[in-house]
Amino acid sequence: MTLPTSPTGWLAVYRTAEEVESKKPGRFMPVDAWAPNGDALVVDRRVGQRVPAVSLPHFRQLQEAEGSVAAVVPGQGWSVAHLDGAAPDPVVAWVIDRSGFALPLIASADGYAEPWEPQNCDGFLAPGDPDASSYRPASEKETN
């Protein structure tokens, strides 16, 4: 699986203990540059600056980026359902890498397309899915 491309050819991998245990892939951030001391640097969006990759929570390792973006295609009516029952977010585009992995992009509150983050997602809703307008997670009664 290949996620973001990187100007350095390297990705920082972040996984919580729960993601490791459940074998979920976690998050990948492009290594934007290398510090003079050799530290891998990533952009911390919260503070708006480059920081050492190891300084962010749940850092696990560096991984060489395997592929690069082969195509970006429109979202075509797909949406992302949320665990908290919030209204689904439309997928504005799919980024497809050379291996065929598709990463959905959703619109952020400030109008930019940003990669989908699986920890808040309960799945995808296909185009024309009749439940897309009224999606809600199953109640405990429904799952027992």
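The entries below follow the order in which I looked things up.

**Entry 1, ground rules.** I am working with a predicted model, in which local features need pLDDT of at least 70 and side-chain atom pairs count only at pLDDT 80 or more, while totals for chains, interfaces and linings use all residues. Residues are numbered from 1 along each chain as its sequence is written, and side-chain values use heavy atoms, with hydrogens and water left out.

I searched the whole structure and found three aromatic pairs, where rings of Phe, Tyr and Trp (its six-membered ring) pair if their centres lie within 6.5 Å, and planes under 30 degrees apart count as stacked, over 60 as edge-to-face and the rest as tilted. Tyr-14 and Phe-59 make an edge-to-face pair, because their planes stand at 70°, with the ring centres 5.7 Å apart. I noted that this pair links distant parts of the chain, Tyr-14 being in strand β1 (residues 10-14) and Phe-59 in strand β6 (residues 59-64), 45 residues apart; strands here are DSSP runs of E with at least two residues, numbered from the N terminus.

For burial I used relative accessible area with a 1.4 Å probe and protein chains only: buried is under 20%, exposed over 50%, and partly exposed in between. Tyr-14 is buried at 1%, whereas Phe-59 is partly exposed at 23%.

Trp-78 lies in the loop between β7 (69-74) and β8 (79-82) and Trp-94 in strand β9 (residues 89-97), so the pair ties together parts 16 residues apart in sequence. Trp-78 is partly exposed at 33% relative accessibility, and Trp-94 is buried at 14%. I then saw that ring pairs link Trp-78, Trp-94 and Phe-124 into a cluster.

I looked up an open sheet of three strands, which has the order β3-β4-β5 and antiparallel pairing; two strands pair if DSSP finds at least two bridges between them. Both β3 (33-34) and β5 (49-52) stand at the edges with a single partner strand each, so one side of each is left without a neighbour in the sheet. The antiparallel pairing of β3 with strand β4 (residues 40-44) runs over two bridges, and Ala-33 has Leu-41 as its bridge partner in β4.

Key. Helix = DSSP H or I, 4+ residues; strand = E, 2+ residues; numbered from the N terminus.
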